[in-house]
Amino acid sequence: MKLSELKKGDRAIIKKIDTDESLKSRLVSFGVARGSELSIEAYSVGNQTVEILVDGTLIGLRRSEAVDIEVEKI
Amino acid sequence: MDAIKIVLAGQPNVGKSMLINAMSGSNSLKVGNFSGVTVEKSELCFEHHCHMFEMVDLPGTYSIRGFSQDEQVAHDYLLNEKYDVIINVLDSTHLQRNLLLTLELLKLNKKMVLALNMADEAKKEGLKIDVKQLEAIIGVPVILVSANTKEGVEELLERIHDIADREHRDNSNIIYSNPVEEEILALSNFFDERDFKLRDLSSREMAIRILFEDKDLYRELHEKPIMIELQPRIVASLEHIYTHHDSKNITDIKASEYIAIARGIRMETVKCERAKGQKTLTKKIDDILLNKVLGIPIFLFFMWALFQLTFELGAVPMDWIDAGFGAFGEIVGSIIPHEGTRSLIVDGIIAGVGAVVMFLPNIIILYIGLALLETTGYMSRVAFMLDGFFHKFGLHGKSFIPLVTGFGCTVPAYMSTRTLKSEKDRLITLFILGFMSCGAKLPVYVLFAGAFFGPEEAGNILFIIYIAGAMLGLVMAKILRIFVFKGEDEPFVMEMPKYRMPSLALIWHTVYSKAMGYLKKAGTFILAASILIWFASAYPKQPLLGAEYETKIEQASGDEVKISTLQNELKLKELEASYLGQLGKVSEPFFAPLGFDWKMAVALETGLAAKEVVVSTLGVLYAVGDDVDEGSASLIRELKANVSFASAMAFIVFVMIYLPCLAASMVFAKEAGGYRYLFYLFIFTTTVAWVLSFITYRILV
Ligand SMILES: Nc1nc2c(ncn2[C@@H]2O[C@H](COP(=O)(O)OP(=O)(O)OP(=O)(O)O)[C@@H](O)[C@H]2O)c(=O)[nH]1
Ligand SMILES: [Mg+2]
């Protein structure tokens, strides 16, 4: 499923990141890559942005980026 | 002895700037709790135990290959400049992520020290870091420090000094995954057998670079005969790695190898003594502040409270300062016999500078509010909450940071747009930044809000003015996005820092240095401007006019009322005939439809130099022209008596929108990429300001 389909409090493992190289490398340097475990911490109004926790780091993402991240819920 | 040149590199918000402050015992570098505080390199020299240290602070960068303009600065510096030692600053509580950059930095083959900052936080979170083990793996000295408590800082300086003297650095013992290690071994054995050397690279290093497709190395190898034998081996090696990783994208493979290494190192060196799964403080605060329904109302409430305080709390000392300057003016006035000198000092200098200084309390409160926003970690949260909203208006959530900085001063705000990656986002943000009223505009608002609204309302009015400016900025952003800067959307990915309780010292220094800056400006620039304005308002002298009125006054023969009317008339006529008056008259037709008299027009024009000058000009003009018998009425009362409500509101609107000060305009031109843009900005802001002021005036009049 997609990251954007997860609910607040869900935990998941990243399966695939389907974005352009520059965004991908940015995500990697945040520790967001295939195999990373994440949890959903918050959504903003209208689910426009989502806050995820990856290895102790909180990261804000826009919905349009969250759609491109394939995850598996755990 | 030569100075040791040291460059600090690390991910954003790990405390590089604060560490330099701690090492040098100064407070000159700006510190804040969000990514992208430092956007330019800055240098600082200091002496420690008879050694000179030259520190270079770089913007934080998540990886060496820069993403945005500020990160590019770090990249270029690290690769191209000369320096002796790199201090790689890491956040001890986020070691794994920070190590990814360390792994890249190791490739630069420079002398390096790892400073594990935030040792105090790590201790609080129950993390135990095995420094010796980490040293053994990375191969460079590792020191636990805290820029906050200053522990380890002394040791860090000593180690830097040691390492600067040393010739070589130890090898690191970084282990890749098994298949990669096998291939590295195979390739490096091949190099050893052939006795092949390139630059000062070890065989292992060469093998690693080949496997991860280092372009420079390939280019160099290309011309070597060994390439013929090498090529099939590389293909085979890569094939093996591809199968293992189930991917043929070497960038992805490299990323997951690096992450695995970083994770491995962390597991080997960090022990957590605290039970997992506890709700952290940050999480608890986020549950409230990032609440889906309440988050934005809470933010608006904070802003409202800030402006309420700015007015209410600031009003008391403001009155004292105002009264103090008034009394001071009278005393000075009574001891200076010479008419012209007295007017210069009392009506020029004291009125002009006083009009600016009296708003210091308000400015300080505003700055405290902004400092809290910047240092607690709330700023990034608001950017997160507002991104959806901003995005609809064609702005990026990250634009929030320059926009908020703009409430303080527009100059650093323009510079902080460098954290925006997309050029279009950056330009739009630059163009609308002026609509965020800077601290120097605050005096104008406080003055007019104080003069035309009751004290209960004035705070709300301030809030409305600031919010209205921001809203207008959003609308303009949308218009610019649709008609001028069309283009792709930039993704929003942003780190949310931990909430931190800022130390009193940090807030103190942030606010103190800004407040001193404000006073210094009042004592220098504003002082000079006030003198200039006074001269322009007192000259050229009108001997004919004076003589004419003298005879009229004589003819009035003792009729007190008539004499004072005549004297007032004379003052007014003289002022109107002065250089400033002439300038005002020339531009009056332009401003007349907005309901501004020539004094207000002049204040707006001089305000192009600096926004504080708007009030000091009004101060001088109304002091010079004030009624003789009324004594020294305060500026607020003068305005109330001379300016209509509709004109005052239109004036506020105009000040809110028109071109920022000269210093900011220069920075704008530089950041936007040419004076051409400044010209556009001038046209853009003046048009919008005129039209909206006109509407305001027409509605209210
Ligand atoms: N508790 C604690 N906080 C620290 C320490 N060092 C820095 N901080 C805080 O961390 C935040 C970031 O500090 P900065 O010095 O601005 O970080 P930076 O690395 O220069 O950040 P950029 O300029 O954005 O790259 C600030 O809120 C500091 O107060 C430390 O040793 N302990
Ligand atoms: Mg910094």
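In the predicted model, the protein donors of the magnesium ion (ligand 2) are Ser17(B) through OG and Thr38(B) through OG1, at 1.9 to 2.0 Å from the ion. Donors are N, O and S atoms within 2.8 Å of the metal (3.2 Å for Na, K and Ca), and sites may look incomplete because water is not among the atoms. Ser17(B) belongs to helix H1 of chain B and Thr38(B) to the loop between H1 and strand S2 (42-48) of chain B, so the pair ties together parts 21 residues apart in sequence. Helices (H or I, at least four residues) and strands (E, at least two) are DSSP runs, numbered from the N terminus. Ser17(B) is buried, with a relative accessible area of 8%, and Thr38(B) is buried at 15%; buried means under 20%, exposed over 50% and partly exposed in between (1.4 Å probe, protein chains only).

Two residues other than glycine have positive phi values: Asn47(A), near 50°, and Asp195(B), near 55°. Asn47(A) sits in the loop between strands S2 (37-43) and S3 (49-54) of chain A and is partly exposed at 26%. Asp195(B), in the loop between helices H7 (178-194) and H8 (203-211) of chain B, is exposed at 63%. A cis peptide bond, with omega about -5°, joins Tyr539(B) and Pro540(B). Pro540(B) is in the loop between helices H22 (504-538) and H23 (543-556) of chain B.

Residues are numbered from 1 along each chain as its sequence is written, with chains lettered from A and ligands numbered from 1 in the order in which they are written. Local features need pLDDT of at least 70, side-chain atom pairs count only at pLDDT 80 or more, and totals for chains, interfaces and linings use all residues, while side-chain values use heavy atoms, with hydrogens and water left out.
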